[in-house]
Amino acid sequence: GDSWGIFTFLCAALCNLPALPALNCSEELGAGQSIQQTYDLTRYLEHQLRTLAGTYLNYLGPPFNEPDFNPPRLARAERVPSATVDLDLWRGLTDNARLAANYRAYSRLLCYLRVLDGQVGTAELRHRLAHFCASLQGLVLSIGGVMSSLGYPLPAGPAAPPAPPGAPAAPNDFLKKMDDFWLLKELQTWLWRSAKDFNRLKKKVPPAVVTLRLEARGF
Amino acid sequence: VQYERVGADVTMKCGSMDWDAAVTWTVNGTDIDESRLNGSYLILKNVDLSQSGQYFCYEGSSWHLKYQTYLRVGTPPKEPVLMCRSNNYPKGFYCSWHLPTPTYIPNTFNISVIHGTKDMVCEKDAVPKNRCHIRYLQLFSTVKYKVTLTVTNALGKNFTTLTFDEFAIVKPDPPESVVAKPVPNNPRRLEVSWQNPSSWPDPESFPLKFFLRYRPLILDQWQHVELSDGTSHTITDAYAGKEYIIQVAAKDSDIGTWSDWSVAVHATPWTEEPKHLTTEAQITETTSASTSSFMAPPTTKICDKGAVVGSGAVAVCWTAGLVVAAYSVLFI
């Protein structure tokens, strides 16, 4: 079955919604849209994710919630943006490229998480996911704010893939769970990488103090 | 060379000699008693380490050497102890290992590192011997590393495996060059400074945070301060005149675990130099008129130890008195 096709279709649909319910779109961000705050946000999210991931993996059940679970990476899972990068390449990233990579990654991860939110069974998980999505949305905006204040253009939102032709086939339950597992893993890795990205930016760029008026933005 | 397990029964044949031939066995130059022999065979029951050595078998009358062997008694290896750590993040990591109990015979170690589907080479260090290091090719990996150590000797083999995430094994070396100095004219302060461990390659992009602990030598309870950056700190609540012991530890600001504690440094806060007695007496006489209402009682010991004369003396006395009070509270 082509569960990925459905996944990306749903993602595209949700991501093109003009109004994002978890967000107050016209926000005036006070003094301190700075790199330091973005860094702090990534640390906060990392902490939040630990609890969320624990709950979610338990919901998926074994072997996903086993601490030694170390599955091979299937080709299909690479649609989720990876934080893994060659060391010298990472070092050599320009500020713009560094910020853009973070912005793109979290925008897409947020998309995928929102699809997840629509599918999970328990109320507790839905609540946690919703809270996490809201915080992650805040991070994306924070990164966007830093980019704007530095004069960098925001990357275009995730491309909307075409809808799959014909009737969608029933997804393979185990493979779907594997996708969820890798999504959480990539999210965790990105948050840990972002802390390092923003440490580097902190040293190179002085904190930008900026007031922004945000419009409702479709991703 | 012949390897045998501790506790085993060993039978040595004298080469091609018949069972009923007359022979003499020696071990490390000493003749072996005939009671140990079964015909021309040497029987060693329940061997122990002391029976390791060079064994010779000679034909009875001619003293021709018919057989020789070097016996080494040992044990097969127990499960080895393996540890992997990154003290130079993001450059790479090292693994080191050892056997929990000695085998008394030579062992070979073989280490393999698998990252996802890729085999990586762990380069063995010359010194120390039981150690190898790996350079990271990629950073921020979602795939775990699996390290397998196999130890083999003539009597058996054993192995152990470690599986970990890149960020889980990050543990810096302790901070270096820790220095603690008193602050002039500040009896309750100590200035502590240190440096990043030299093995940490990139403190700019991978900053360290620090944990300072200090206590006066006479107390057991440590005081702790966590510092998110900077390589110095001023202690402002030291007990006057007491020698302190101070240590610092380091950690990557986001991942991994704390380093071991640094080498301990000792320091005592600044104390006033005691003045000469006659000078004090003279000054007391001349200022007694103006400071009579605040004259410190002559029996106060701490003040007599050389306090500054005048109203300043009272201030020192009061401070000293508070310190005494604090101590007495502690010792109740």
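Which side chain meets Lys209(B) in a salt bridge? Glu226(B) does, at 3.5 Å, N to O. The model is predicted: local features need pLDDT of at least 70, side-chain atom pairs count only at pLDDT 80 or more, and totals for chains, interfaces and linings use all residues. Residues are numbered from 1 along each chain as its sequence is written, chains are lettered from A, and side-chain values use heavy atoms, without hydrogens and water.

**View 1. Lys209(B) and Glu226(B) form a salt bridge.** A salt bridge puts a side-chain nitrogen of Lys or Arg within 4 Å of a carboxyl oxygen of Asp or Glu. Lys209(B) lies in strand E20 and Glu226(B) in strand E21, so the pair ties together parts 17 residues apart in sequence. Strands are DSSP E runs of at least two residues; helices are H or I runs of at least four. Lys209(B) is buried at 16% relative accessibility; Glu226(B) is partly exposed at 46%. Buried means under 20% relative accessible area, exposed over 50%, partly exposed in between (1.4 Å probe, protein chains only).

**View 2. Asp254(B) and Lys196(A) meet in a salt bridge.** The N to O distance is 2.9 Å. Asp254(B) sits in the loop between strands E23 and E24 of chain B and Lys196(A) in helix H6 of chain A, so the pair joins two chains. Both residues are buried. Their salt-bridge network also includes Arg43(A), Glu46(A), Arg50(A) and Asp252(B).

**View 3. Asp173(A) and Lys177(A) pair within helix H6.** Their salt bridge spans 4.0 Å, N to O. The two are 4 residues apart, about one helical turn. Asp173(A) is exposed at 53%; Lys177(A) is partly exposed at 23%.
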